[in-house]
Amino acid sequence: MRLLGKAVAAAAIAAACVSAVADEYHAKPKLVVIVVLDQMRGDYLDRYRDDFKTANGFNLFLKKGAHFTDCYYDYANTHTAPGHSTIGTGAYTDGHGIQANQWWDFSRSTEHVYSSVDDDDYKVVGAPAGATITPGQSPRNLMASTLGDEIVLATHGEAKVFGISLKDRAAILTSGHATQGAYWIDQKSGHFITSTYWMNDLPAYVAKFNASGKAEAAAKEVGGKGQNFYNEVGSTPAGIRYELEFAENVIDAEQLGKHAVTDMVTISLSSTDILGHAVGPNDPKQRALLDGADVELDKFFTWLNTHVDGGMANVWVAMSGDHGVAPAVGETQKLGMPANTFSYAGLIDAMNEELTKKLSPGNPQKFLLQGGEYAYFPLDQRVWEKLHISEADAENMVAAMLPEVMAKTQPGLSGSKPSSKPLIRRVFTKVQMASGDLPNNDLGRLLQHSYSPNGGWQVFAIFGEYQLPGAATGTTHYSPYSYDRHVPLDFYGSAFIPGTYHDRVAPVDIAATFASLLRINQPSAAVGHVLTNIIKPELETVAPKGK
């Protein structure tokens, strides 16, 4: 009996060891979820930890998961499209190619900028009647594969991968090329739409969700006027609830987490960014929104526990942010910091005036283009070429003049300290960045990681700390400073050792870590590290020796 008992115990241990080894080919786990909170500063979870009362909201990570306190992007172009691309691909801009939310591309149009996901080869699917129709969307500009792509490739298309957000770029760039669908909202109505890149008609379950009245109910709940769902509802907990309910709809209809291989969904919650730009990270409204997000995430993960085979024991989750954000200028300046505001568009106008005096007196020219993305200054190469000035010489001239024109034309907030007058600290040309002619230090590395061939002729400016375009009450991001690069990084699931970790990590580590655990290739341009210190040890099953 004792020998039989030992044999049974050994068999049980062996079975446990086998089940502990994960790989997506055998649906271990059943579902991978990547949650991105847009404009989620790295200090929010610890600052407001006492607010979070639910078991499966943020406490899923803080108390049951692996929580990193020091996660920083290792590039300078901290914006939504690059951040989501970085999380999805495990690479930086010099690997995935997405440098900003939008840029000028003269090979496609000399009349307007293109967003990071605009694609004239496709059309919008599901737009309500009367909606303004823009070009379709696709991941055409994403120059690297994503974790989702690699899951689909490894399973010969058996795995299902979807991307969901209120924003098109967040839904598309995190999930990738080989997905079964990406969904975002028509900003006015709140109805979920997609592109013919994925499908010619909305699935019946999406059309049913749009017709359910949920968007209208959410607008009524927050007292919206029905003019713009994105702004009116998107900045509230009701917007988070609406997006997560749609994610549940997709997961249920597509039977994610119920297949013979691992499925995946990426969910980017845009609300923290929509509100954050208006009020800043320290406003009580942003804190209340995070408290609301905690409640809605608790509902979502509790729902997953009953809708995935094996429940949350068979779900792995990573959570991060696409970028941080600076505090509101007015508040920061009152505390004695050298904060100030300036006009980005006004600075471009002033540069055009100065360049006209220098190069084309009496004949005003638009040497720099409006409509680009702060902190890039796009040059109209057509104007420069007519004057027989090369890209390198044109960019060098703009780079040399920008700091002086900034000082001369941008007075900043009245009553500000002399030390907080708006300034430009450094300017780097695209030619410099393309050739790698950058400082041999941390800043040079951040800039090199920010390079993309997209965008035409341009220069990249680094403004003073806490100095932002816009008003004193709002805020923004897009600098190499730590407040824009610091985001959360948290993991939950059976593979991870719970605890708080103070290692210096980066969002590129998400794709690398999941790829290693799932036994698949890392995304094609991935540079992240596998976070081995949070992974539970795996025991190999040893076959018994023959008699």
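## Basis of the model

This is a predicted model, in which local features need pLDDT of at least 70 and side-chain atom pairs count only at pLDDT 80 or more, while totals for chains, interfaces and linings use all residues. Residues are numbered from 1 along each chain as its sequence is written, and side-chain values use heavy atoms, without hydrogens and water.

## The chain as a whole

The chain contains 21 helices and 19 strands, which are DSSP runs numbered from the N terminus (helices: H or I, at least four residues; strands: E, at least two). Its C-alpha trace spans about 100 × 55 × 45 Å along the principal axes.

Of the 547 residues, 58% are buried, meaning under 20% relative accessible area with a 1.4 Å probe, protein chains only (exposed is over 50%, partly exposed in between).

## Histidine 79

Histidine 79 lies in the loop between β2 (66–72) and α4 (80–89). Its relative accessible area is 8%, so histidine 79 is buried.

Beyond its neighbours within four places in sequence, histidine 79 is in contact (heavy atoms within 4.5 Å) with Asn101, Asp322, His323, Glu373, Tyr374, His477 and Tyr478.
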